[in-house]
Amino acid sequence: MKQPLDLENDKHLKKNPYTVPDGYFTHLAEGLKNIPQEHPQTKVRFLHNRYVRVFAFAATMALAFTIGWLRPTENEVLTNEDIIALNENGYLPYTELDILMVLDDHDFEEFSETTTEANTDYLESTQPDLVEDYYLTLENI
Amino acid sequence: MHAEILNLLQSNKTEAAFNLIVKSYSQKLYWHVRRLVLDHDDADDVVQNTFIKIWKGLPNFRGESNVYTWSYRIATNEALSFLRSKKENTHFDDVAYGISQNMEADAFFEGDEAQAKLQSAIASLPEKQRVVFNLRYFDEMSYAEMSLVVDTSEGALKASYHHAVKKIEAYLQKD
């Protein structure tokens with residue numbers, strides 16, 4: 001019956017079966033000691049310089065500030081003047097009646113004052129009832 | 001030894017520190033590499049590359065790890081890289097196993113049949129397990145030190161070594 005193998009306690013198997021040429025390790029050590037001359041150390045200086053680090057930090061902060069300053073705010077609200085201007089330029093699918101409906105009294109007066117003859121003519125041609133109501137209102141004041 | 005090397009590094013005597021590492025560890029590292037790559041000439045090449053990497057890494061060595069385990073780690077990585085690159089250029093599924101089959105014909109192998117069979121068994125293990133087995137079995141390295149060399153927990157290393165022993169024993173006992 002075969003003896004079970006006890007690998008960890010087998011001294012014969014633990015012996016090193018490999019060899020090297022005569023004098024190899026002496027030559028190895030001597031050869032390895034030439035490595036510093038054959039491979040000189042190169043010093044990397046950038047980012048170790050204090051001034052470069054400070055400059056890099058300042059440039060990063062300036063960039064962050066610029067991006068934050070240029071970024072549009074999320075809470076921007078269009079004024080009534082903006083809406084009117086956008087509508088006049090055809091950017092909004094609103095009619096003048098829609099605008100008039102949302103204007104308060106103060107804004108309505110301003111809107112009326114700034115309305116050009118061309119706009120008045122447009123109102124007269126498209127919404128004559130509205131124009132009539134307006135003038136009737138004026139007469140009653 | 002570690003303290004002496006650190007003192008030299010802190011005194012900017014890098015070359016002196018390197019020479020001390022060569023004197024203290026070159027043989028150990030050679031044998032560690034040799035047991036992985038098996039061939040003497042290949043081991044010589046890998047050891048040269050290992051010490052070049054050690055020399056280049058010395059200026060950044062902070063002493064947080066032990067020079068001994070740090071050197072072993074570099075040697076292990078170099079040996080495994082060598083085997084992987086050789087694998088791409090040969091038809092062997094595993095380079096070391098292929099070499100181990102012709103061990104007794106190697107001029108720098110003086111073991112008997114049993115020792116040759118052991119080397120074949122070791123070469124048949126997966127790479128990392130082979131490293132673990134060699135470090136524990138031949139170098140008698142502690143699991144704590146080994147965990148720094150192969151970057152694995154001590155528990156995992158113990159399990160890996162235990163399985164390696166079982167596999168090798170089974171391999172050696174089959175006819």
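Between chain B and chain A, 12 residue pairs are in polar contact, with both partners at pLDDT 80 or more. Keep in mind that this is a predicted model. The contact draws 43 residues from chain B and 29 residues from chain A.

**Where the chains meet**

- On the side of chain B that touches chain A, the elements giving two or more residues are H2 (14-37), H3 (40-57), H6 (113-123), H7 (127-137) and H9 (154-173), each of them a helix of chain B.
- H2(B) brings the largest share of that side, with 11 residues.
- Sort the residues on this side of chain B by type and you get 23 nonpolar, 10 polar and 10 charged.
- Putting chain B and chain A together buries about 3,400 Å², and carbon and sulfur atoms give 63% of that area.
- The salt-bridge rule finds one such pair across the interface of chain B and chain A.

- For the complex, the predictor reports an ipTM of 0.82 and a pTM of 0.66.
- Chain B has a mean pLDDT of 88, with 89% of its residues at 70 or more.
- Among the elements of chain B, H3(B) has the highest mean pLDDT, at 95, while helix H5 (residues 95-100) of chain B has the lowest, at 61.
- A word of caution: where pLDDT is low, the predicted coordinates should not be read in detail.

**The salt bridge between the chains**

- Counted over all chains, there are seven salt bridges.
- Which residue does Glu140(B) form a salt bridge with? The partner is Lys14(A), and the closest N and O atoms are 3.8 Å apart.
- This pair crosses between chains: Glu140(B) sits in the loop between H7 and helix H8 (143-150) of chain B, and Lys14(A) sits in helix H1 (residues 11-14) of chain A.
- Glu140(B) is exposed, with a relative accessible area of 59%, whereas Lys14(A) is partly exposed at 28%.

**Two salt bridges inside chain B**

- Arg35(B) and Asp139(B) form a salt bridge, their closest N and O atoms being 2.8 Å apart.
- That pair links distant parts of the chain, 104 residues apart: Arg35(B) is in helix H2 of chain B, and Asp139(B) is in the loop between H7 and H8 of chain B.
- Arg35(B) is buried, since its relative accessible area is 7% and the cut-off for buried is under 20%.
- Another salt bridge joins the side chains of Lys86(B) and Asp42(B), at 2.7 Å from N to O.
- Lys86(B) lies in helix H4 (residues 67-88) of chain B and Asp42(B) in helix H3 of chain B, so this pair ties together parts that are 44 residues apart in sequence.
- Are the two partners buried or partly exposed? Lys86(B) counts as partly exposed, at 26% relative accessibility, and Asp42(B) counts as buried, at 11%.

**Two buried residues in helices of chain B**

- Look for Thr76(B) in helix H4 of chain B.
- Thr76(B) counts as buried, at 3% relative accessibility.
- Leaving out residues up to four places away in sequence, Thr76(B) touches His32(B), Val131(B) and Val149(B).
- Tyr171(B) is in helix H9 of chain B, and this residue is buried too, with a relative accessible area of 16%.

- As background, most residues other than glycine have a negative phi.
- Asn12(B) is not a glycine, yet has a positive phi of about 60°.
- Asn12(B) lies in the loop between helix H1 (2-10) and H2 of chain B, and is exposed, with a relative accessible area of 68%.
- Leu38(B), also not a glycine, has a positive phi of about 75°.
- Where is Leu38(B) found? This residue is in the loop between H2 and H3 of chain B.
- Leu38(B) counts as buried, at 2% relative accessibility.

Definitions and conventions
Residues are numbered from 1 along each chain as its sequence is written. Chains are lettered from A and ligands numbered from 1 in the order in which they are written. Side-chain values use heavy atoms; hydrogens and water are left out. Contact means heavy atoms within 4.5 Å. Buried area is the accessible area (1.4 Å probe) that two parts lose on being put together, summed over both. A salt bridge is a side-chain nitrogen of Lys or Arg within 4 Å of a carboxyl oxygen of Asp or Glu. A polar contact is a pair of N or O atoms within 3.5 Å; within protein, one must be able to donate a hydrogen and the other to accept it, and residues adjacent in sequence count only if both atoms are side-chain atoms. Helices (H or I, at least four residues) and strands (E, at least two) are DSSP runs, numbered from the N terminus. Ala, Val, Leu, Ile, Met, Phe, Trp, Tyr, Cys and Pro count as nonpolar, Asp, Glu, Lys and Arg as charged, and the others, Gly among them, as polar. pLDDT is the predictor's confidence in each residue, from 0 to 100. Buried means under 20% relative accessible area, exposed over 50%, partly exposed in between (1.4 Å probe, protein chains only).
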